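Please keep the sequence and the structure in view while reading.

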Amino acid sequence: MKRLALAAALAAVSIAAHAAPVTYTIDNSHTYPHFSYNHLGFSNQTHKFDKTSGTVVLDRAAKTGSVDVVIDATSVNTGYALFNE
């Protein structure tokens with residue numbers, strides 16, 4: 001009987017642990033926000049931003065989630081200092 005009560009208590013705790021929302025932090029070193037455009041039909045230019053931060057929240061029990069991403073527009077990196085200004 002005690003084992004059954006212990007098993008039920010452990011199951012309740014593990015279910016509660018799965019029900020809690022999980023928050024992930026965006027890793028700037030593994031994020032590549034970029035944009036591209038066509039340069040007068042001759043080539044496609046692709047540039048990126050070097051500074052990104054944010055979080056991703058996932059709530060599996062509620063089947064919901066959210067994403068909050070902040071891209072620092074002053075960190076644009078075109079490969080050319082003049083264009084970055």
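In what order do the three strands of the open sheet that holds β2 stand, and is their pairing parallel or antiparallel? The order is β2-β3-β6, and the strands pair in antiparallel fashion. The model is a predicted one. It contains two helices and six strands, and the elements follow one another from the N terminus as α-β-β-β-β-β-β-α.

- Strand β3 covers residues 43-49 and is joined to β6 by two bridges, with the two strands running antiparallel.
- Across this pairing, Phe49 faces Val76, a residue of β6.
- Strands of a sheet are held in pairs by backbone hydrogen bonds, and the pairing can be parallel or antiparallel.

**The sheet β1-β4-β5**

- A further set of three strands makes an open sheet in the order β1-β4-β5, again with antiparallel pairing.
- Its edge strands are β1 (22-25) and β5 (64-71), and each of them pairs on one side only.
- From one strand to the next, the twist averages 10°.
- Strand β4, residues 52-59, is connected to β5 by eight bridges, and these two strands run antiparallel.
- Val56 has Val67 of β5 opposite it.

**Asn77 and Thr78**

- Asn77 lies in strand β6, whereas Thr78 belongs to the loop that leads from β6 to α2 (81-84).
- Is Thr78 buried or exposed? Thr78 is buried because its relative accessible area is 14%, which is under the 20% limit for that class.
- Asn77 has a relative accessibility of 27% and therefore counts as partly exposed.
- The side chain of Thr78 comes to 3.0 Å from the backbone oxygen of Tyr80.
- The side chain of Asn77 reaches a backbone nitrogen, that of Gly79, at 3.1 Å.
- With neighbours within four places in sequence set aside, Thr78 touches His47, Phe83 and Asn84.
- Asn77 and Lys51 stand 26 residues apart in sequence, and their C-alpha atoms are 9.9 Å apart in space.

**Aromatic side chains**

- How many aromatic pairs does a search of the whole structure find? The search finds three.
- One of them is Phe35 with Tyr37: the ring centres are 6.5 Å apart and the planes meet at 20°, so this pair is stacked.
- Tyr80 and Phe83 form an edge-to-face pair, with 5.5 Å between the centres and 70° between the planes.
- Phe35 is partly exposed because its relative accessibility is 30%, and Tyr37 is also partly exposed, with a relative accessible area of 38%.
- Tyr80 and Phe83 are both exposed.
- One aromatic cluster is made up of Phe35, Tyr37 and Phe49; Phe49 is also the residue that stands opposite Val76 in β6.

**Charged side chains**

- Side chains that carry opposite charges can pair when their charged atoms come close.
- A search of the whole structure finds one salt bridge.
- Which side chains meet in a salt bridge? They are those of Lys48 and Asp50, with 3.4 Å from N to O.
- Lys48 is partly exposed because its relative accessible area is 27%.
- Asp50 is likewise partly exposed, at 33% relative accessibility.

**The chain as a whole**

- The protein has 85 residues, of which 12% count as buried; Thr78 is one of the buried residues.
- Among contacts in the protein with a separation of 6 or more, 43% are between residues 24 or more positions apart.

How values were computed:
Residues are numbered from 1 along each chain as its sequence is written. This is a predicted model: local features need pLDDT of at least 70, side-chain atom pairs count only at pLDDT 80 or more; totals for chains, interfaces and linings use all residues. Side-chain values use heavy atoms; hydrogens and water are left out. Two strands pair if DSSP finds at least two bridges between them. Helices (H or I, at least four residues) and strands (E, at least two) are DSSP runs, numbered from the N terminus. Buried means under 20% relative accessible area, exposed over 50%, partly exposed in between (1.4 Å probe, protein chains only). A polar contact is a pair of N or O atoms within 3.5 Å; within protein, one must be able to donate a hydrogen and the other to accept it, and residues adjacent in sequence count only if both atoms are side-chain atoms. Contact means heavy atoms within 4.5 Å. Axes are lines fitted to C-alpha atoms, for helices over the stretch in contact, and angles run from 0 to 180 degrees between N-to-C directions. Rings of Phe, Tyr and Trp (its six-membered ring) pair if their centres lie within 6.5 Å; planes under 30 degrees apart count as stacked, over 60 as edge-to-face and the rest as tilted. A salt bridge is a side-chain nitrogen of Lys or Arg within 4 Å of a carboxyl oxygen of Asp or Glu.
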